[in-house]
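Visitor: I would like to learn how to read a model of this kind, one feature at a time. Could we look at it together?

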2 protein chains.
Amino acid sequence: MAKLTKQLPTKRLPMLPAERALKVISGRWKAVILYHLFDGPRRLSVLKTLVPNITQKVLIQQLREMEGHGLIRREIFAEIPSRVEYSATRLGLSLEPILLALCEWGQHHADELNEVDRLADCIIRPRQARQPAIA
Amino acid sequence: MAKLTKQLPTKRLPMLPAERALKVISGRWKAVILYHLFDGPRRLSVLKTLVPNITQKVLIQQLREMEGHGLIRREIFAEIPSRVEYSATRLGLSLEPILLALCEWGQHHADELNEVDRLADCIIRPRQARQPAIA
DNA sequence: GGCCATGGTCACCTTCTGGTCAGCAGCGGA
DNA sequence: TCCGCTGCTGACCAGAAGGTGACCATGGCC
């Protein structure tokens, strides 16, 4: 029998839908991780290099939480050597427009407060900007 | 000279726009408070009753943070007796569609995970549903 | 003066989150 | 056999966020 990912009891999310959504996506690295998974499945080791400054333990921690919330999927490929891949679920993908909106609002906000200089580029881009349509 | 609201040094927000936005709106009560302010200016005492279960100290704390981030405005009216009102700024109002999207997504999320029963009504509604157009 | 309401502060404590560091199992290659 | 890579866990810790309770200043009213 396959050893499943340890499932912590997934403590109850807030009652109010908006707070629930916020709780689910606000974690120190979740937006970034999610963004990278929007581009396709990624192995842990790849994510580690894509999200520098994150430790492996914390990365896994964030991934587990997102998995528990149904945003991402964890698949073990029974190859030799075996491989583990993380990918966004439908539910996770449905967050893309929201993340995009947040990103735009964040820029707007920095703009209004004259703090644009303290702002990095928005790595979250509309899908078509990342995957040019194949004519 | 008017005594200004004590300004804590407003610690720097994250560099990435999306994270910045998340940081700004994710606080235990911010979404709810904001929602109530979308409907118009509110006095502290009124907010306290609108958001039950929040203590005054925490309420003020959340209001201060949002004020610092430019989402809301605090005005003291020099009437007798003087009155303090909190209201959403343009910047704060610009969050409405996002909060709405989060709310919808939250419902969608609960739906997908079969946890709709654990969900309260979405108090955040599109503006027109709350303020019917005046012919 | 005594009492209440409003808006607010301070000191303190608890919980949650993220973080460091060390360690481990499975597998392949030298 | 020892080393290194990959994926993962556990002990422990520090800081932030949220929460409680006591207390304060101003001003009205009786």
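Visitor: How many salt bridges does the rule find across the interface of chain A and chain B?

Guide: Before the count, some conventions: this is a predicted model, in which local features need pLDDT of at least 70 and side-chain atom pairs count only at pLDDT 80 or more, while totals for chains, interfaces and linings use all residues. Residues are numbered from 1 along each chain as its sequence is written, chains are lettered from A and ligands numbered from 1 in the order in which they are written, and side-chain values use heavy atoms, with hydrogens and water left out. A salt bridge is a side-chain nitrogen of Lys or Arg within 4 Å of a carboxyl oxygen of Asp or Glu. By that rule, 5 salt bridges are found across the interface of chain A and chain B, and the count over all chains comes to 11.

Visitor: Which residue of chain B forms a salt bridge with A:Glu115, and where do the two partners sit?

Guide: The partner of A:Glu115 is B:Arg20, with the closest N and O atoms 2.8 Å apart. The pair crosses between chains, from the loop between helix 6 and helix 7 (127-130) of chain A, which holds A:Glu115, to helix 1 (residues 17-25) of chain B, which holds B:Arg20; helices (H or I, at least four residues) and strands (E, at least two) are DSSP runs, numbered from the N terminus. Another salt bridge joins B:Arg90 to A:Glu112, where the closest N and O atoms are 3.5 Å apart.

Visitor: Which elements of chain A supply at least two residues each to the side that touches chain B?

Guide: These are helix 1 (17-25), helix 2 (30-38), helix 5 (90-93) and helix 6 (96-112) of chain A, and helix 6 gives the most, with 12 residues. The residues of this side divide into 28 nonpolar, 8 polar and 9 charged, where Ala, Val, Leu, Ile, Met, Phe, Trp, Tyr, Cys and Pro count as nonpolar, Asp, Glu, Lys and Arg as charged, and the others, Gly among them, as polar.

Visitor: What area is buried between chain A and chain B?

Guide: Buried area is the accessible area (1.4 Å probe) that two parts lose on being put together, summed over both. Between chain A and chain B it is about 3800 Å², of which carbon and sulfur atoms give 71%. Counted by contact (heavy atoms within 4.5 Å), 45 residues of chain A meet 46 residues of chain B.

Visitor: Which residues come nearest to DNA strand C?

Guide: A residue is near a strand if one of its heavy atoms lies within 4 Å of it. Of the 22 residues around DNA strand C, A:Arg28, A:Thr55, A:Ile80, B:Gln56 and B:Arg74 come nearest. Sugar and phosphate account for 65% of the atoms of DNA strand C that come within 4 Å of the protein.
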